[in-house]
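Trainee: I would like a close look at one spot in this model. Please take me through it, then place it in its surroundings.

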Amino acid sequence: MEQNDNYLEISEKANMCRKSWGIDEFIPIDIFRVVLEKVENVTICFFKTEENLSGSSVKIKDQNIIFINSKHSLGRQRFTLAHEIYHLKYDDQFGVCDLDHGNDLIEEKADKFASALLMSNGALFNYEMENNIKEWNLDKVIQAEQYFQISHKAMLRKLTDLGRISEGTAEEYLPSIKYNAQLRGYDIKLYEPYSEDDNLILGNYIHMVKKAYDNKLIGKSKKDELLIDGFCENLVYNYIETDDLIA
């Protein structure tokens, strides 16, 4: 009962978060776009690190900074971002989040929050009903994870937790996801990193540098130095427009 009550509490927090962002519970969420648009003073930093580290987050005064492993798949990175939103909203301590966090209660809550934020149980039940799904074969699994844009592992975990598939079936469905998705005609970007860059910064850091320069608080050389320090050489050398990386 305690575990169920805990899930209901976390699920309600995720649902309230969606409501505050004006997003219906049952539809997919573009979590990167929404966080950049809806979370104040947020900077998302992609960085290359060990495979078992997924990310971390920290508040510095009024700044919200989220770090994400640049080498993980987009589906995993989306889960990490949602996980770190829980830490920023409900946890005041800075911590590094790895893929195997044991029985850490706060990390378990953040995982449950991320799962519910990206695809609640209700959203999955509604999807089952609308698509008349009686049995979750691999075709249906990949179709659903593409629709909700969640990782293959997260989709299998959700279906296993809800008793829709067995642990054995989940293990059978797990391998060769890129091949299986492409074989069914899907874009495989969900299973590849957000960016090819090892290090990348999105959001408020770039906005603050641009604002300081526009208000003549810093010169062009200082602006370029700050952008290079923030892994934004492409902006310095005019590969991309600054506004494309700012919510």
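Leaving aside neighbours within four places in sequence, which residues is K109 in contact with?

Mentor: A caution to begin with: this is a predicted model. Once neighbours within four places in sequence are set aside, K109 is in contact with N6, I10 and Y86. K109 sits in helix α4. That lysine is buried and has no salt bridge. E9 is its nearest side chain of opposite charge, at 5.1 Å. The cut-off for a salt bridge is 4 Å.

Now step back to the helix itself. Helix α4 spans residues 105-118. This helix is part of the cover over the buried residues of α2. The cover also includes β1 (42-47), β3 (63-69), α3 and β5 (200-203). Under it, in α2 (residues 31-38), the buried residues are I31, F32, V34, V35 and L36. Take V35 as an example. Beyond four places in sequence, V35 contacts W21, V42, I44, L81 and I85.

That brings us to the main core. In soluble globular proteins, nonpolar side chains tend to be buried together. Here, the largest nonpolar core has 55 residues. W21, I31, V35, I44, W136 and M155 have the most contacts inside it. Helix α3 (residues 74-90) gives the most to this core, with seven residues. A separate core of 12 residues lies apart from it, with C45, V58, L235 and V236 among its members.

N121, in helix α5 (residues 121-130), has a relative accessible area of 16%, so it counts as buried. Beyond four places in sequence, N121 touches Y7, K158 and L162.

Side chains of opposite charge can pair when their charged atoms come close. The model has nine salt bridges. One of them joins E128 to R164, with the closest N and O atoms 2.8 Å apart. E128 lies in α5 and R164 in the loop between α7 (152-161) and α8 (167-173), so this pair ties together parts 36 residues apart in sequence. E128 is at 10% relative accessibility and therefore counts as buried. R164, at 34%, is partly exposed.

Another salt bridge links R184 and D139, at 2.4 Å from N to O. R184 is in the loop between α9 (177-183) and β5, and D139 is in helix α6 (residues 138-148), so the pair connects parts 45 residues apart in sequence. R184 is partly exposed at 30%, and D139 is partly exposed at 39%.

D30 is partly exposed at 39%. R33 is partly exposed as well, at 42%.

The loop between α1 (2-20) and α2 holds F26. With 33% relative accessibility, F26 is partly exposed. F26, I27 and Y147 form a nonpolar surface patch of about 250 Å².

Last, the whole chain. It has 12 helices and five strands. Buried residues are 46% of its 247 residues, and K109 is one of the buried ones. Among contacts with a separation of 6 or more, 60% join residues 24 or more positions apart. The accessible surface is about 13500 Å², and carbon and sulfur atoms supply 48% of it.

Definitions and conventions
Residues are numbered from 1 along each chain as its sequence is written. This is a predicted model: local features need pLDDT of at least 70, side-chain atom pairs count only at pLDDT 80 or more; totals for chains, interfaces and linings use all residues. Side-chain values use heavy atoms; hydrogens and water are left out. A nonpolar core is a set of buried Ala, Val, Leu, Ile, Met, Phe, Trp, Tyr and Cys residues joined through side-chain atoms within 4.5 Å. Buried means under 20% relative accessible area, exposed over 50%, partly exposed in between (1.4 Å probe, protein chains only). Helices (H or I, at least four residues) and strands (E, at least two) are DSSP runs, numbered from the N terminus. Contact means heavy atoms within 4.5 Å. Accessible areas come from the Shrake-Rupley method with a 1.4 Å probe; for residues, only the protein chains shown count as cover. Lys and Arg count as positive and Asp and Glu as negative; His and the chain ends are not counted. Patches are made of residues with over 30% relative accessible area and no salt bridge: like charges are joined within 9 Å, nonpolar side chains (Val, Leu, Ile, Met, Phe, Trp, Tyr) within 5 Å.
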